[in-house]
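Thanks for coming, everyone. I'd like to walk you through one structure today. Let me put it on the screen.

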Amino acid sequence: MSYRRENILIVDDDIHILELVQRHLQSMNYHTYKAVSVKEAVSILKDAVINLLVTDLKMPGVDGFQLIRYTEEHYPDMPVLVVTGYISTKNALNIGKSGVVDYLIKPFTKDELRAAVTKSLESSGKSTEREKRPATINTGNAAYGELIGKSEAFERVRDIIDRVKDNRATVLIQGESGTGKELIARAIHYSGRFSREPFVAVNCGAIPESLLESELFGYEKGAFTGASENRMGFFQAANKGTIFLDEIGNASPQVQNGLLRVLQEKEVTGVGARKPQKIELRVIAATNSDLRELVRHKKFREDLYYRLTVVEVNVPPLRERKADIPLLAEKYVRKYGVEYKDRLLSLVPEAMDVLLRYHWPGNIRELENVIQRAVIMCDGQIELRDLPDTLKFKIDFPEDAFVSLAEMEKQYIHKVLRAVDNNKTRAAEILGIDRKTLRSKLS
């Protein structure tokens, strides 16, 4: 028998319906896969190219609605045909929103099945597919330098920036990794009256502890082996401007002592120097550590902590400022669209929905990386297929009940049979047994 190229996956916990639909479709020369649960269906979707999903809605454990939502995001071009015993107004509305092409109410005839399958397959990739429209975003007055946002959390941060930008009060910026702490420091500096002065950013965690003091405060010729000349430190370089000390929680006790002296006396003493040097600058520090906890464990000086926290900025994680995600996404789509493809790109609404739902453990940095990858992968518009699977809808399957070895063996045999289109000779070869043994294990 010659098969069409279309592969159809049938999902139903009713074995009789499952086998009936399979027989009908095979008689129409379709290549079929079958699954008795959503978990089994997801496994088949990952291993095979499926052209049409035919699924029931009411199934134990994980229902068909979750499977539809899963396929909508992971396989957006695959049409779905629902076969169900009944369909209420609410279910019909949910199906319509999920983009299901058609549905059949049990019992149905072979001709009704044929017509629904034909309609569903013809819809794939054609005008019946939901129109892919870009998600339009009204940014309004939402930018503050490189910072973008309109959420309440962002407005609180912007209010603090407005209040400290024109003075030299010491600022401590606290927040998770990837939330844009350095951007806030730059916004404070470049939006205020000291913007023409130097801005020096120092990552305290990236400089070896043995070098951090000399890098921050400079050194005199002969202060240590290799010090062949006088060298200015980061503090001297930032004089009259702003020094940004990122990952301040990693500073050694010796550096903490020197930093406290700078804040108290407004002067620095280079390594090997005998006389201090007066400086006038603003110190902005940042950390993703809990400094209070470090103080409690004697790993950070308490007096330095209070010197640093004249003004505190607590940067909210991206999951707490969802209203800013469309603005940030558009910013990066524009940036990388021009950089990589020399044109303006856009996000379809379905892709934006995924970005809004995701919890973003890596915060803004993770969002930027996701958009950067999507721009590279997309053709014109960023669609669902261009987003990584880690962002898309996941089904939380209940833990499998323990089964006997015999039952586990039978499940594996059925999996092999599905993979070889129920060819028992080929399955027996893969399993390393003869056909007679295979039949006995299936009985």
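First, a term: contact means heavy atoms within 4.5 Å. Another one: buried means under 20% relative accessible area, exposed over 50%, and partly exposed in between, with a 1.4 Å probe and protein chains only. Helices (H or I, at least four residues) and strands (E, at least two) are DSSP runs, numbered from the N terminus.

Now the ground rules. This is a predicted model, where local features need pLDDT of at least 70 and side-chain atom pairs count only at pLDDT 80 or more, while totals for chains, interfaces and linings use all residues. Residues are numbered from 1 along each chain as its sequence is written, and side-chain values use heavy atoms, with hydrogens and water left out.

Let's start with helix α10. It covers residues 253–265, 13 residues in all. From first C-alpha to last, α10 reaches 18 Å. That is close to the 18 Å expected at 1.5 Å a residue, where the expected span is 1.5 Å times one less than the number of residues.

Which residues of α10 are buried? They are V255, Q256, G258, L259, L260, V262 and L263. An α-helix has 3.6 residues a turn, so residues three or four places apart point the same way. And what covers the buried residues of α10? The cover includes helices α8 (209–217), α9 (234–237) and α12 (302–308). It also includes strands β10 (242–246), β11 (267–268) and β13 (282–287).

Next, the cores. A nonpolar core is a set of buried Ala, Val, Leu, Ile, Met, Phe, Trp, Tyr and Cys residues joined through side-chain atoms within 4.5 Å. The largest one has 31 residues. F235, L245, I248, F300 and L308 touch the most other members. Several elements supply at least two residues each: β9 (199–203), α8, β10, α10, β13, α11 (291–296) and α12. Which element gives the most to this core? It is α10, with five residues.

Look at F235 for a moment. Leaving out residues up to four places away in sequence, F235 touches L216, F217, I243, L245, L259, V262, V268, I279, L281 and V283.

Keep W360 in mind as we turn to the backbone. Most residues other than glycine have a negative phi, and most peptide bonds are trans. W360 is not a glycine, yet its phi is positive, about 50°. W360 lies in the loop between α14 (349–357) and α15 (363–377). Is W360 buried or exposed? Buried, at 0% relative accessibility.

K266 also has a positive phi, about 55°, and is not a glycine. K266 follows α10, in the loop between α10 and β11. K266 is partly exposed, with a relative accessible area of 41%.

There is a cis peptide bond too. It joins K106 and P107, with omega about -10°. P107 is in the loop between β5 (102–105) and α5 (110–123).

A salt bridge is a side-chain nitrogen of Lys or Arg within 4 Å of a carboxyl oxygen of Asp or Glu. How many are found in the whole structure? The search finds 25 salt bridges. In one of them, D56 meets K106 at 3.6 Å, N to O. This pair links distant parts of the chain, 50 residues apart. D56 is in the loop between β3 (52–55) and α3 (64–74), and K106 is in the loop between β5 and α5. Both D56 and K106 are buried. D12, D56 and K106 are linked in a network of salt bridges.

Another bridge joins R385 and D77, at 2.3 Å, N to O. These two are 308 residues apart. R385 is partly exposed, with a relative accessible area of 41%. D77 is partly exposed as well, at 34%.

Last pair: R321 and D324. Their closest N and O atoms are 2.7 Å apart. R321 is buried at 7% relative accessibility, and D324 is buried at 0%.

That's the tour. Questions, please.
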